[in-house]
Every structure is written in C-alpha cells, then in structure tokens.
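User: Hi! I'd like to learn how to read a protein model. Could you walk me through it?

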Amino acid sequence: MNGLMMQQPLLISSQLEFAARFHQSVEIVTRTVEGPIVRTTWSGLAKRVRQLANALSASGIKRGDVVATLAWNTQRHLELYFAVSGLGAVLHTINPRLPPDQLTYIANDAGDVMLCFDTTFLPLAKHLASVQTPIKHFVALTDDAHLPKDFQGLRSYESLLVGQPETFTWPSFDENTASSLCYTSGTVGLPKGVLYSHRSTVLHSYAICMVDALAISGQDVTLPVVPMFHVNAWGVPYAAAMVGSKLVLPGPALDGVSLLDLITTEHVTSALGVPTVWLGLLAAAKTKQVKMSMLQKVTIGGSACPPSMITAFQEEHGARVLHAWGMTELSPLGTANVLLPKHASLSKEERLQVQLKQGRPIFGIDLRLVDDDGKVVPHDGKTSGHLEAKGGWVASAYFKSDDHSHHDGEWFATGDIATIDGDGYMQITDRSKDVIKSGGEWISSIDVEHAAMMHPAIAQAAAVGVPHPRWVERPLLVVVKHKDKEVSKEDLRAFLETKLVKWWLPDAIEFVDALPIGPTGKVLKRQLREKFKDYALP
Ligand code: AMP
C-alpha cells in the first residue's frame, strides 16, 4: 500500500521562491568586483533571478543547455545559480584557477553555450573566445559603465536584465534533471565532470542544515569563503535560501585583511573555507589585534585542518571549529566533526585529538573502508583502508566518461586513506597517492604535517615521500615559517621527536618561502614530489 502523501519534485527553484516568501527581508551582502559593498534581500534577489530567467529564455537558453560561469562569490553569481538551474538548464561553474588548456577542454566537454564572467577573468574569457568551443554568448557580470570595450559581441549582465519582468513561472520537471556541473581539479590527468541533479542538490541542502552537520541556519550571518566555482560553495547558497540565512559574499577579496573587515562590519557568525584562507585571516587578526568575538562557528574542510588553527580559532577568538570532509563527487559533504556529550569530560588536548578527525558521516551518506583487495576492514579507529562512499548525493559516474574505475556499481572509491572509529569518526590519513611508503609500512603525511605545524614558528608544512634505496621512500618535510618567527632544522627535528614515533620522523627538512597551491586551495604534493625527486637524503 502506498502512503497518501503529496508527490512534489525536489527543485532548486522552490528553494528560491521559499526564501522570497518567507525570508524576504533577510540580507545578502556582496563585496563587488567593481569595489563597493552592495546589499539586497532574498526577496530582491528573487525578483532579479526571475528577470534573469526571462532574459536567458529570450536569449534562447532552454532546458538542458549548459551555461558556464567564471565568477567570484557575488550576488550576480548567486542569481545565476538559481536562474539557470531553475529553468532546467545546467550551471557549469568553471574554476578560474585552471590552466587555459584545461579551460578549453572543459568548455568543450561540458558543451557550454553561454559564458558569464567577472571582469577579473576577462583574459580567460578572451582566451575562450579565441579557441574553438560551442560558446555562442559572452556576458560580463557588470553594468554597461564597466563593460570591457575590446570584446566583440560582449553584453553586460545588467543590460540583459533591463526591462525584463520580475515574474516568471518556473517549470516543473523530473527532480533527477541535471542542475549543475563542476569539474574536479584535474591534479591527475584531465578534469572530470561531476553532474549534480536537483534532487541531489536539495537533499544535500537539507543535510548540511542539520545541527550535527554544518548547521546552516537562519540564526546565522553566513560567510562562504569557499568559492562558488568549487563544488557550489559546499552547497551553502542553496541551504542558505532554505533556512533564510543572511549571506555575506566576499567577491574577489579573499585576503586576510578584507575578510577580517567583512567579518567585523557585517557581524559574521558562521564562516566556511579551506585552511589556506584561514591562515591569512588569522594572521591579519593577529597583526591588527582584533578578536573576532562575533564569529561563533568556523567550518574548515578541503584539506586537513592543522591543530594550531583549531586552537587559534577556539582559544583566541572563541569560535567553535567544525572540521568537515567531502569532495566534488559528494556535492561535497560526507562527514562533519561535532563533538558528543561524552567528549565534555576530556582534557583540552584529548578533545583536540577528536576534533582533528574529519568527523562522522551525515545521514544520507554511508562510508566503509576496504583493503587493497576490496575486503572490508574493521572500523576500530586503528586499521586504515581505502575510503568508499555511497549515498543520494554521491556521483554515480563522471560526465561523458568511460572511466568507471572509481565505482564498483554500488560504492564510490574516494581515493582517500582513512580510519573510522567505533563512534563513526572518520580520520583521513592521506590521499592514496600521497602516502609515504616506507619499508612496506605507510606513514601518514598528514600526521607528520600536523606535528610540524604544532611548532609555533611553522605556518605551513607538507610531507612527501622521496625515493630511498633501502626503505623505498622516506619522508621529506617541506615547511614555511611564520614571517616573524625563526627555528633551526635541528630544533624543529628535536620538537618532532616529542610528537612522532621514531620511524615517522622526516629524514630531512627543507625551508621554503611558499608551498605550491592548486586551483582548489590545496598543497600540490605532486609538484613537490617532482621538485624533490632527486633529493639526496642524508
Ligand atoms: P575536491 O574534490 O577538490 O574538493 O577534493 C576532495 C579531496 O580533498 C578529498 O578526497 C580529500 O582528499 C581532501 N579533503 C577534503 N576535506 C578534507 C579534510 N577535512 N581533511 C583532509 N582532506 C580533505
């Protein structure tokens, strides 16, 4: 017997219309590419989204068409999120940090017919206009006054909206229809497309709003620093519409001082981003001697969160750190680290050890660990294995790809190596390509890096395996010192001896000015391995 409940497709347009009706006066604040801070409300945004939907339809954009963006976190980008997907077209958010040849590749692979870009990315747009792609329309996300002059056929976004009605009847369609497309960063081989659906997006939005997940809430002023060009800014734009969170969008200014300014002037209570941006923010707060007392929650993901960062946010600023794990193929959220009542009795150091884990799966995601032969290994917090995931917002295949090596038909192989403890807390020990294989045993590069970053003089650390005649590989630690701090290799090594078992100690330490950072804010270990491949270990 079926239940007698209404059947309504889960559509992104319904999130927007809900926000317009029930959170109408809640603000959306943007630091624009042009410079000034602009404000609207969810109701004001919805009117412009409907105008945009009319404009896109008038330009011939129809269901199934792919509209690309090269854009920062701004109001206009947010409008595109809802208008393009709402129409039943597909929003392809391109990562502007990808090299030009990969941009050409993904514009063709995606079949982009329109490109909407921030003027910051004019050279990239010109590149795409100069090569063979299906792009027919180029739109600059600005007004006519700021429109670049030397680009034939270019239109300003604002001119598209002029005269368009503020009403639009959103089409209803199957919730499994594709809504947006995001390519993996392509650190190995060509980028691969992950094609989200309306259903997966709405389910993921519900999930991240859970208090034991990212707790996206109408109580908060939310600052997604995580880019809208990378996994839909972790789904925050959609979830914020559902719960009516005030949104603060940082535009192109992602440096510490600009973020600090936004956080304090807009009273941001919840901020989300990768560790590298928080390094800049914490440094700016220290230099300016500002305590970010308004900040209640900082969500950190994308790379392992160093212990010193958790301590700085929690002890110097009074914010709670929420460590989370996910990936493009998981929309992205898989786990979130929220402490349990039993952790209240732990010492500060013991609690920090729990917080360093990537957290527990949120309902809707199932995780397991398998060995090299695909056999499930125990979740005992000690045994590490290849992490696999399944769930309603996990990719079932890559866009237009014959590569099914990540799927066994049921589980998606994440490429991460992890442990899972009896409470379900998952801890990433490495990306499988980054583990250091020493004499048949694995050394977790993340653990070595964490130990180094516990030293007060160390800002960033990366441990990579370099070839070794006897042990196959041994760890080399590459570190960046804080600008105003000093430490010698000998002292750092002595410090590490107090933190790591002997055979995990790096065989050598190298100081560098900066680590190579990839298009999604992660350290490019592959580049480091390449750079140090002939390194003569002592
Ligand atoms: P991406 O698809 O570019 O978002 O990258 C996903 C990958 O980033 C994951 O498979 C992990 O290797 C890594 N990652 C994401 N979050 C974390 C985290 N909290 N700690 C460690 N690694 C992470």
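User: Which residues of helix H1 (residues 12–22) are buried?

Analyst: Quick note: this is a predicted model, where local features need pLDDT of at least 70, side-chain atom pairs count only at pLDDT 80 or more, and totals for chains, interfaces and linings use all residues. Residues are numbered from 1 along each chain as its sequence is written, and side-chain values use heavy atoms, leaving out hydrogens and water. Now, buried means under 20% relative accessible area (1.4 Å probe, protein chains only), and helices are DSSP runs of H or I with at least four residues, strands runs of E with at least two, numbered from the N terminus. In H1, the buried ones are Ile12, Ser13, Gln15, Leu16, Ala19 and Ala20.

User: What do the buried residues of H1 pack against?

Analyst: Among their partners are helix H2 (42–58), helix H3 (75–87) and E8. Contact means heavy atoms within 4.5 Å.

User: How do strands E3 and E4 pair?

Analyst: Strands of a sheet pair through backbone hydrogen bonds, either parallel or antiparallel. Strand E3 (residues 66–70) and strand E4 (residues 90–93) pair in the parallel sense over four bridges; DSSP must find at least two bridges for a pair. Ala68 stands opposite His92 in E4.

Technical notes: Buried means under 20% relative accessible area, exposed over 50%, partly exposed in between (1.4 Å probe, protein chains only).
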